Amino acid sequence: MQHFDRIGTRAISLTVPRFLPLLGLLLSTSLVSCGGNPRGAAPQAVPVKLQVLQTSTVARSSEFVGTLESARQVDLRPETQGRITEILVQPGDRVNPGETILTLEPAQTLPQLEGAQAGVGVAQANQMAMVQQLRTAEKSLAVARTELSSAQASRNLSKTNFERASFLLSQGAIGRFDYDRARTDLEISSNRVQVAEEKVAQAQVAINQARAVVGQATATVQQAQSQVAAAAVNVGLRQVVAPIAGTVGEVLFKVGDIVSTGQSITTIVQNDALDLRLSVPANRLNQLRKGLTVELIDPTTRKQISTGQVNFISPSVDSSAQVVLVKARFPNRQGNLRNGQHVEARIIWEQGKGILIPTNAVLQVSGKSFAYVAETDNSQGKARQVARMRPLKLGDIQSQGYQVIDGVKAGESLVVSGILRLRDGVPIQPES
């Protein structure tokens with residue numbers, strides 16, 4: 001056994017050196033086939049695309065999820081009960097103010113109108129009678145005043161004659177008979193004046209009463225005319241029209257159905273402008289103000305699809321959630337947005353100058369962000385461009401790019417393609 005071991009040992013020691021050149025060749029071939037470089041050979045440059053970084057406008061913002069609602073929306077309801085005889089629109093149609101939506105056959109409105117019109121006729125006839133009475137009283141007053149004036153003139157004459165007769169009687173120029181006649185005439189004329197004054201007073205009372213009755217009759221006529229107008233409106237409500245321009249929603253009834261006063265028939269939604277409802281944390285109140293820019297973001301592409309402005313900030317805070325309701329208005333002339341749609345939105349708190357880099361140029365390693373920057377390297381005796389890995393401090397994503405807070409600066413060339421094939425210091429070949 002010992003002899004066998006020595007022979008085996010010697011055999012191995014003699015055999016291994018024979019295979020060393022072959023082993024080296026195999027290792028060299030293996031390195032080449034695996035993409036490695038032979039010792040002393042320069043590494044092959046990786047083709048990449050470069051982007052020269054420039055200063056641009058960046059914003060400090062926060063993202064929220066909100067709901068769009070129409071700036072104007074009307075729930076269309078009839079003002080009278082009736083049967084639908086015709087529907088002139090379809091759901092989704094665009095309508096203008098005053099355009100007919102449907103027609104109704106009102107229930108029991110024409111008899112009401114005719115009754116109200118008859119009531120107006122009776123009231124007007126009564127009013128005319130009262131006016132005639134007033135005119136008669138006014139004529140009686142005029143006659144009484146004329147009679148009073150005549151009686152007063154006659155009394156004045158009789159008083160003068162009586163005074164003259166009294167003087168002549170005292171002088172013995174006339175007898176007692178003439179004196180008594182003058183006194184009788186004065187008494188008669190005074191009685192006529194008293195009667196005329198009573199007639200004037202009675203005529204004035206009659207006029208006041210007639211005027212009061214005329215006023216009541218006039219009020220009755222006006223009330224009857226109001227009833228006619230109300231009944232006429234009900235008859236005229238055979239057509240239910242659109243009060244605003246917008247898009248017709250679902251029509252909840254069909255021809256032949258009976259609808260009651262105030263019952264919802266359909267909605268008209270004006271989508272030309274939409275308000276976005278956002279719940280913003282109360283700790284942002286000191287930053288909130290009207291006019292702040294708000295962007296709607298496509299959740300798939302992250303692209304900006306519309307821009308609006310804050311136009312309402314609730315004066316109160318939701319005590320349970322500690323949020324404040326904020327609204328921002330967005331134009332929607334193309335009709336791409338819908339009432340009730342849930343969307344992602346970004347409130348721009350402030351804007352300034354900074355650097356944005358494409359999201360595809362950022363490499364995430366162990367939860368940290370890096371990017372490759374092209375630099376000139378002279379360590380091999382000649383100038384060549386290499387990729388240098390830079391740690392980054394990033395801000396928000398804006399316009400498909402990251403805001404860079406620290407790590408790169410304007411004027412540097414950023415590698416924006418092939419970053420997964422790179423490592424720090426690897427030569428690169430910029431592509432045009």
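Arg83 stands opposite Ile258 in strand β9, and this pair belongs to a predicted model in which strand β4 (residues 82–87) and β9 pair in the antiparallel sense over two bridges. Across the protein the pLDDT averages 82, and 87% of the residues score at least 70.

**The open sheet**
- Four strands make up an open sheet whose order is β7-β6-β4-β9, and the pairing within this sheet is antiparallel.
- The edges are formed by β7 (239–241) and β9 (258–259), each of which pairs on one side only.

**Ser189 and its surroundings**
- Ser189, which is found in helix α3 (residues 176–236), has a relative accessible area of 2% and is therefore buried, the cut-off being under 20%.
- The side chain of Ser189 makes a polar contact with the side chain of Ser158 at 3.4 Å, while a polar atom of the Ser189 side chain also lies 2.9 Å from the backbone oxygen of Leu186.
- When neighbours within four places in sequence are left aside, Ser189 is in contact with Ala151, Ser154, Arg155 and Ser158.

**Confidence of the prediction**
- Confidence is highest in strand β13 (residues 323–331), with a mean of 93, and lowest in helix α1 (residues 2–33), where the mean is 35.
- Over residues 1–36 the pLDDT is below 50, and this stretch has two contacts in the model beyond near neighbours in sequence.
- Where pLDDT is low, the predicted coordinates should not be read in detail.

Technical notes: Residues numbered from 1 in each chain as written. Predicted model: local features only at pLDDT ≥ 70, side-chain atom pairs only at ≥ 80, totals over all residues. Heavy atoms only, no water. pLDDT = per-residue confidence, 0-100. Contact = heavy atoms within 4.5 Å. Buried < 20%, exposed > 50% of the residue type's maximum accessible area, 1.4 Å probe, protein only. Polar contact = N/O pair within 3.5 Å; in protein donor to acceptor, adjacent residues only side chain to side chain. Pairing = 2+ DSSP bridges.
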